[in-house]
Amino acid sequence: MKERATVLCQRGDRILLVARPRARWVLPGGKPRRGETLRDAARRELTEETGIVCRAVRPLFQFAGGNKQHHVFVADIEASAIARPAQEIARCAWFDRQAIASIDCSRPTPFIVRRALKVLDDERYVMAYMEAMLLQAAA
């Protein structure tokens with residue numbers, strides 16, 4: 001099974017997808033180079049495919065889809081970052097998270113997006129709950 005560093009870039013309710021010429025939409029990402037960590041591959045692929053330089057990426061989960069093992073990362077990008085297709089990528093676009101299920105994208109893409117957003121929502125809920133408990137304990 002091939003390994004792939006897959007990157008989720010979120011801007012509000014919009015998700016960045018990329019596409020090669022005459023290909024379906026996918027999340028940015030690709031194979032790690034020899035000796036490269038998956039985290040470094042995620043950062044490199046995002047920059048190579050879209051021109052976006054992220055401040056950091058952090059792992060969310062792994063997913064086996066088809067013949068690929070996706071190592072899914074979330075990227076911390078500037079609010080003003082502009083995605084421009086580069087190298088093998090012909091198109092970059094920000095899609096509303098609800099629209100991803102209805103566009104022509106790779107089979108694993110909608111599942112990865114839904115799961116990643118759920119993980120991020122769960123993390124925000126836990127952090128808000130912990131903050132409330134700390135404030136309550138301090139009062």
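This is a predicted model: local features need pLDDT of at least 70, side-chain atom pairs count only at pLDDT 80 or more; totals for chains, interfaces and linings use all residues.
Local features are given where pLDDT is at least 70 and side-chain atom pairs where pLDDT is 80 or more, whereas totals for chains, interfaces and linings use all residues. Residues are numbered from 1 along each chain as its sequence is written, and side-chain values use heavy atoms, with hydrogens and water left out.

View 1. Arginine 4 belongs to strand β1, residues 2-8 (strands are DSSP runs of E with at least two residues, and helices are runs of H or I with at least four, numbered from the N terminus). Arginine 4 is buried (under 20% relative accessible area, with a 1.4 Å probe and protein chains only) but has no salt bridge (a side-chain nitrogen of Lys or Arg within 4 Å of a carboxyl oxygen of Asp or Glu). Glutamate 49, the nearest side chain of opposite charge, is 5.1 Å away. The side chain of arginine 4 has a polar atom 2.9 Å from the backbone oxygen of leucine 27, and this side chain also reaches the backbone oxygen of glycine 29 at 3.3 Å. Leaving aside residues up to four places away in sequence, arginine 4 touches (heavy atoms within 4.5 Å) residues including Val26, Pro28, Lys68 and His71.

**View 2. The open sheet that contains β1.** Four strands are arranged in the order β4-β1-β6-β5, with mixed pairing (two strands pair if DSSP finds at least two bridges between them). Strands β4 (29-30) and β5 are the edge strands, each pairing on one side only. The pairing of β1 with β4 is antiparallel and comprises 2 bridges; alanine 5 has glycine 30 in β4 as its bridge partner.

**View 3. The hairpin of β5 and β6.** Strand β5 (residues 56-65) and strand β6 (residues 68-76) run antiparallel and are joined by 9 bridges. Alanine 56 stands opposite aspartate 76 in β6. Between the two strands of the hairpin lie 2 residues, and glycine 66 in the turn has a positive phi of about 65°.

**View 4. The three-stranded sheet and helix α1.** An open sheet of 3 strands has the order β2-β3-β7 and antiparallel pairing. Strands β2 (10-11) and β7 (91-96) each have a single partner strand, so one side of each is left without a neighbour in the sheet. Helix α1 (residues 38-50) packs on this sheet and touches β3 and β7. The direction of α1 makes about 70° with that of β3 (axes are lines fitted to C-alpha atoms, for helices over the stretch in contact, and angles run from 0 to 180 degrees between N-to-C directions). Strand β3 (residues 14-19) is joined to β7 by 6 bridges, and valine 18 stands opposite cysteine 92 in β7.

Definitions and conventions
Buried means under 20% relative accessible area, exposed over 50%, partly exposed in between (1.4 Å probe, protein chains only). Lys and Arg count as positive and Asp and Glu as negative; His and the chain ends are not counted. A polar contact is a pair of N or O atoms within 3.5 Å; within protein, one must be able to donate a hydrogen and the other to accept it, and residues adjacent in sequence count only if both atoms are side-chain atoms.
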